[in-house]
Structures are given as structure tokens and as C-alpha cells.
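Please read this briefing alongside the sequence and the coordinates.

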Amino acid sequence: MARETWGTRTGFILAAAGSAVGLGNIWRFPWMTAENGGSAFLLVYLVVVLGVGVPGLLGEFVIGRRARRNPMGALGDLSGSRRWAAVGGVSAITGVALLSFYGVVGGWILRYLLVSLTGPVTGGAAYLADPGAYFEAVSFGVEAAAFHLLFLSLTGLIVLGGVRRGIELGTKVMMPAVLALLVGMAVWVSTRQGAGAGYDFFLAFDLGTIRGDFFSILGPAAGQALFTLSVGAGTMITYASYLDEDRSLPFDGSVIALLNTGVGVLAGLVVFPLLFSQGIDPGSGGPGALFVGIAGAFAALPGGELLAILFFGVVAFAALSSSISMLEIPVAVLVDEAGWSRRRAVGALLALIATTGTITALRPALFDFVAGTLVDLLLTGGLIAFLLFAGWVLGRDAVAEYATGAGPIATRFGTPWLLAVGVAIPLFLVFTLMTTLGLDARIGFWPTVGAAVAVVGAGIALIGLRRGRVAV
């Protein structure tokens with residue numbers, strides 16, 4: 001059976017950008033920004049996106065297009081090693097883990113959208129009266145599990161349609177809608193009295209905060225960059241495997257990163273001015289900030305119910321554009337490696353994630369662990385593995401793949417890019433992971449740097465020892 005490909009370049013870019021532009025930008029980005037210094041977090045985040053996220057994105061693109069396989073098949077075929085195939089296979093587990101909490105949040109979105117749509121008939125959206133109490137009542141439990149299943153079903157229907165008729169067609173509709181609605185809302189919010197304080201909080205860069213609290217900001221900023229760019233899970237390897245050879249990977253990667261970052265900033269330009277205009281603390285609420293703080297702002301605004309429909313409609317589109325990419329990772333593994341039909345793979349995975357997501361929806365502590373610690377570890381570890389693979393297993397072949405379809409200017413950066421993905425970025429990611437776990441506070445800054453160098457060096461040495469061996 002012939003393997004599917006993207007129908008158009010625009011379709012690929014919108015699908016990949018849609019994977020990145022999801023709840024990470026509209027749900028997670030505002031409250032992460034609010035809890036980690038506002039504009040200071042934004043500045044560190046933008047630097048990490050440019051210096052780590054874009055090269056990492058290209059690393060996954062190179063692997064996927066060269067192998068034309070899912071992460072498991074790509075790493076196995078290109079290395080000739082079953083151990084590398086097993087490393088790639090972890091991406092399927094990551095996709096399931098992501099959807100096990102992401103589907104719960106997607107269910108929250110659908111519930112709020114449904115309540116907003118029926119508000120004019122029922123006498124007003126239920127959450128407007130007391131947003132905090134409403135969110136606490138519906139965020140976990142049997143009803144939350146039911147809405148998770150609804151969101152998961154919508155995701156499965158799109159993925160079932162395949163690459164062109166499902167994923168590409170869906171994102172061609174959803175991504176322009178997200179951008180148009182966010183721009184419109186940002187313009188409208190700018191007219192509200194008190195919005196200027198929100199712009200100051202979000203955009204007035206405070207270098208003093210960065211100097212004084214850099215490492216506490218760095219970890220969350222790096223995690224947010226990986227989450228929103230959808231790197232580390234194998235999504236971009238999978239999507240790039242459906243590419244033709246004449247695409248410029250540096251150009252496509254830059255456009256995708258720009259779209260992703262632009263949507264994140266647009267979301268901030270909607271959320272923070274709206275909250276400040278109503279005197280609502282942007283740092284309160286954590287994961288529920290979008291539902292509590294924003295809902296509270298809608299309750300105080302003339303025409304707030306209509307604005308709520310538009311806002312939660314945007315978030316629903318963004319959530320679906322990302323969730324379909326998460327499901328496509330394990331689907332591609334089962335289709336490519338096990339020879340399953342797409343229908344059988346989607347059905348089996350929906351049954352699995354329906355179970356894991358329901359458990360997560362019923363246990364808030366498990367939700368916090370999966371959405372935070374587990375996902376951060378899987379994404380960071382996955383990206384480190386992919387980059388070391390590109391840098392030290394593919395090596396010069398990675399540069400050749402990078403240059404295929406690229407222009408003369410982008411091609412000149414091939415060797416520096418290889419050095420970055422093979423050494424500098426893995427070192428940065430390991431160091432960031434160690435500081436996030438608090439190792440620098442226990443043993444000091446320079447010993448932590450030394451430990452990161454030792455870990456990356458050991459990984460490179462191990463790869464070097466195994467190069468050239470037959471499959472094990």
C-alpha cells in the first residue's frame with residue numbers, strides 16, 4: 001500500500017503549525033507567563049524558541065523525511081539497530097501520555113463552549129455566576145471523563161480521514177480560523193479601559209527579574225517552548241515523513257516556528273489586557289486560569305457571552321489541531337510497523353486513551369503528574385535522543401538532508417546546525433532538566449554544568465561505540 005503524502009506545501013505547514021499551536025499557546029502559555037515573571041518569562045521563552053526550538057524542529061524534520069517512517073521505524077531503519085527503534089518507539093507512549101491529559105483539558109474546552117452556546121437559551125452561561133466554583137465542580141469527575149471521551153472522538157474522526165482528507169483538510173480550516181479570531185479579539189480587547197496594564201505586564205521586559213531569578217524561569221520557559229513547538233514527542237518526525245523531497249526544511253521550520261510564536265503572543269495580547277481591564281490577578285488559578293480568570297472577565301463585560309463563544313471556539317479549534325498530531329504518532333507506528341489498517345489503529349488507540357484519560361479525569365493528582373512532570377521528562381528526553389541521533393548517527397547525512405531543497409543561504413548554516421543539534425542543544429537540555437529538578441541548588445552551578453557535560457559526553461561516546469555494528 002502506497003504511503004500517504006501531504007497534498008500541498010501549505011497543508012504541511014498548517015498541519016505542523018496546528019500541532020504546535022494548541023492549548024500550549026492559549027491555555028498553558030498565559031498562566032505559565034503569569035506565574036514566571038510576565039515579560040521576563042516571555043523574553044527567555046522567545047530566546048529558547050529561536051536557539052533551541054527551531055534547530056530541534058529541523059532535527060526531527062531531517063530524520064522523518066530521510067526515513068519516510070514514523071519515529072520507531074525511522075530510528076530503526078537509519079541506524080540498523082533495534083535499540084534505536086525502541087527509543088523511537090517511546091514516542092508512541094509519549095503520544096498516549098499527552099492525550100491522556102490533553103483530552104481532559106479538551107473536554108473542559110468543549111464543555112465551556114457548549115455552555116456558552118446554550119447560554120442565551122438557559123438564561124446565561126452557568127460559569128458566569130461563579131467561575132471559580134463552577135470550574136472546581138466540573139474539572140474532574142465522571143462528567144469531565146465524559147467530555148474527554150467526546151473530545152477524543154472528534155480527534156479520532158479527523159485522524160481516521162488520513163493525512164490529506166483528515167489532518168490536512170482539518171487544519172486548513174482550523175488554523176486560519178484561530179488566527180483570524182485571535183486577531184479580532186486582540187483588536188477589540190485593546191479598546192478596553194485598563195488594558196495598558198496588561199500590555200506592560202506582558203511586554204515591558206524586565207531584565208532585573210531575569211538576572212535575579214534566571215534559573216527558576218529557564219526551566220518553565222524551556223518546557224513551554226518544547227511543548228508549544230511539539231518537539232520531543234516525534235510529531236514532527238511523523239509529519240515530515242509524509243513530505244516530498246523538494247521542500248526547504250529550514251524555510252518550513254522557520255515559518256512554523258513563527259506561526260506558533262505569533263499565536264502565543266496573540267493569545268497573551270488577548271488574555272492579559274482582558275484580565276487587567278477587569279482587575280483580575282493573572283497569576284491566580286494555575287491550569288484553571290483560562291477558565292476562571294477569563295470567564296470572570298466575560299461575566300463583567302457587556303456582550304461577554306458572545307465574546308465567550310468566540311473565545312472558546314478559538315480554543316477548541318486550537319486544541320483539536322494539536323490533539324490530532326498526538327494521535328497520529330502512535331497511529332503511524334501501528335500502520336507502518338505492525339501493518340495495521342488506519343481504521344484498526346485509530347480504534348485500538350481510542351480505546352486505550354479513553355481508558356487512561358478517564359482515569360486521569362477522575363484523579364486530579366494523577367492529572368497534575370502527567371500534565372507536568374511526566375510530559376516534561378518525556379518531551380525533553382525524546383528531543384535529546386532525536387538530536388543526538390541526528391548529530392552522531394546520521395552525521396553528514398543529516399546535513400545533506402537538511403540542504404535538500406534549501407536555498408544557498410540556508411545551506412551555509414548546515415554544519416553549524418549539526419554542531420548545535422549534536423552538542424550544544426543536548427547539553428542545554430540536560431542542564432535545564434537538572435536545574436528543574438533542583439540539582440544546582442544542592443551541588444552548585446558549575447558542578448551541575450559538569451554533570452550535564454558528563455551525561456551528554458557519555459551519550460555521545462556510547463553512540464560512537466555502537467556505530468558501524470550490525471542490528472542487535
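The notes below go through these topics in turn.

This is a predicted model, in which local features need pLDDT of at least 70 and side-chain atom pairs count only at pLDDT 80 or more, while totals for chains, interfaces and linings use all residues. Residues are numbered from 1 along each chain as its sequence is written, and side-chain values use heavy atoms, with hydrogens and water left out.

**Confidence**
- The chain has a mean pLDDT (the predictor's confidence in each residue, from 0 to 100) of 88, and 97% of its residues reach 70 or more.
- Among the elements of the chain, the lowest mean pLDDT, 77, belongs to helix 13 (residues 289–300), and the highest, 97, to helix 15 (residues 342–362); helices are DSSP runs of H or I with at least four residues, numbered from the N terminus.

- Leaving aside residues up to four places away in sequence, Tyr127 is in contact (heavy atoms within 4.5 Å) with Tyr112, Val115, Ser116, Tyr134, Ala295, Ala308 and Phe312.

**An exposed loop residue**
- Pro302 lies in the loop between helix 13 and helix 14, and counts as exposed because its relative accessibility is 62%, where exposed means over 50%, buried under 20% and partly exposed in between (1.4 Å probe, protein chains only).

- Two cavities of 30 Å³ or more are found in the whole structure, a cavity being a set of points on a 1 Å grid over the protein atoms alone where a 1.4 Å probe fits but cannot get out.
- The largest cavity contains about 120 Å³ of space, and of its 18 lining residues (those with an atom within 4 Å of a point), Ser19, Leu98, Phe227, Ser230 and Met326 are the closest to its centre.
- The lining of the largest cavity divides into ten nonpolar, eight polar and no charged residues.
- The largest pocket, an open set with protein on both sides within 12 Å along at least five of seven lines, has a volume of about 440 Å³.
- Of the 24 residues lining the largest pocket, Arg28, Gly372, Thr373, Asp376 and Thr436 lie nearest its centre, and helix 16 (364–394) supplies the largest share of the lining, eight residues.

Technical notes. Helix = DSSP H or I, 4+ residues; strand = E, 2+ residues; numbered from the N terminus. Points joined across faces, edges and corners; volume = space filled by probe spheres on them. Nonpolar A, V, L, I, M, F, W, Y, C, P; charged D, E, K, R; others polar.
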